Amino acid sequence: MTSSELWTRATADRYDAEETEMSSAAVLEPTLAFLSELAGDGRALEFAIGTGRVGVPLRQRGVPVAGIELSEHMAAVLRRKIDEDTLPVTVGDMATTVVPGEFTLVYLVYNTITNLLTQDEQVECFRNAARHLRPGGRFVIELSVPPLRFLPPGQAAVPFDVSERHLGFDTFDLVEQILVSHHFTRDGDDGRYRRGNSRHRYAWPAELDLMARIAGLELERRVADWDGAPFTQDSPKHVSVWRKPVRGRPTRRG
């Protein structure tokens, strides 16, 4: 097993309710259009498929989807939505777990590669994606750009959400490239807050490109979002696409 932290039953059961914005049509429609175009008439594999926020509607669009998920509890929530024959899910880690067949698309959304807490494991994730891809297939990652520009000397944390029912901020270990996301979520109307946190290893776009090269993949494009806006130095996240080369047959000589 990798160093990824396991999602508990309680966290899995409330995940969809707490991620309603990410499940909205405004977020999902461009995501699904982007992924379905890359999948074409082939199969798609989602690493860390979770409760199926993306995988289930992508399958409903006609793309054959399979998934890998570390948390049995998250997979159980997904299974309430769709049966195993329609969307098979293998319980295991995304760095080493292998499922049968080849895919035109392997994808990781919503920062989930950061659940792997070491660089070596993230490299293995790229290798695992390449292992599943057929020649010409693509590996797609959606990932935030580390917000270190908002961390001046002496400041220990960067807020990412300050709203009526939720306070979220990240703290950083700049040596190990580890960030801890802290959440204070209001439960009910009695003033009580539930505290939670999760650890992540952040990575820069250039670092991911090197991981891809180690795995034998080539950067095809990088955009700022699923709508395809240009990626710039001010973009808070990126959607990156790497391609598995199609190796031509050697030319016969003599």
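Colleague: Where is Y110 found?

Modeller: Y110 lies in the loop between β4 (103-108) and α5 (119-132). Helices (H or I, at least four residues) and strands (E, at least two) are DSSP runs, numbered from the N terminus. This is a predicted model: local features need pLDDT of at least 70, side-chain atom pairs count only at pLDDT 80 or more, and totals for chains, interfaces and linings use all residues. Residues are numbered from 1 along each chain as its sequence is written, and side-chain values use heavy atoms, with hydrogens and water left out.

Colleague: How do I read phi?

Modeller: Most residues other than glycine have a negative phi. Y110 is not a glycine, yet its phi is positive, near 55°. Q177 also is not a glycine and has a positive phi of about 55°. Q177 sits in the loop between β7 (166-173) and β8 (178-186).

Colleague: Is Q177 buried or exposed?

Modeller: Buried means under 20% relative accessible area, exposed over 50%, partly exposed in between (1.4 Å probe, protein chains only). Q177 has 17%, so Q177 is buried. Y110 has 29% relative accessibility, so Y110 counts as partly exposed.

Colleague: How many residues of β11 are buried?

Modeller: In strand β11 (residues 237-243), five of seven residues are buried.

Colleague: How do I read strand pairing?

Modeller: Two strands pair if DSSP finds at least two bridges between them. Strand β5 (residues 133-144) runs antiparallel to β11, joined by seven bridges. There, F139 has W242 of β11 as its bridge partner. Strand β10 (residues 218-223) is also antiparallel to β11, with five bridges. R221 stands opposite V241 in β11.
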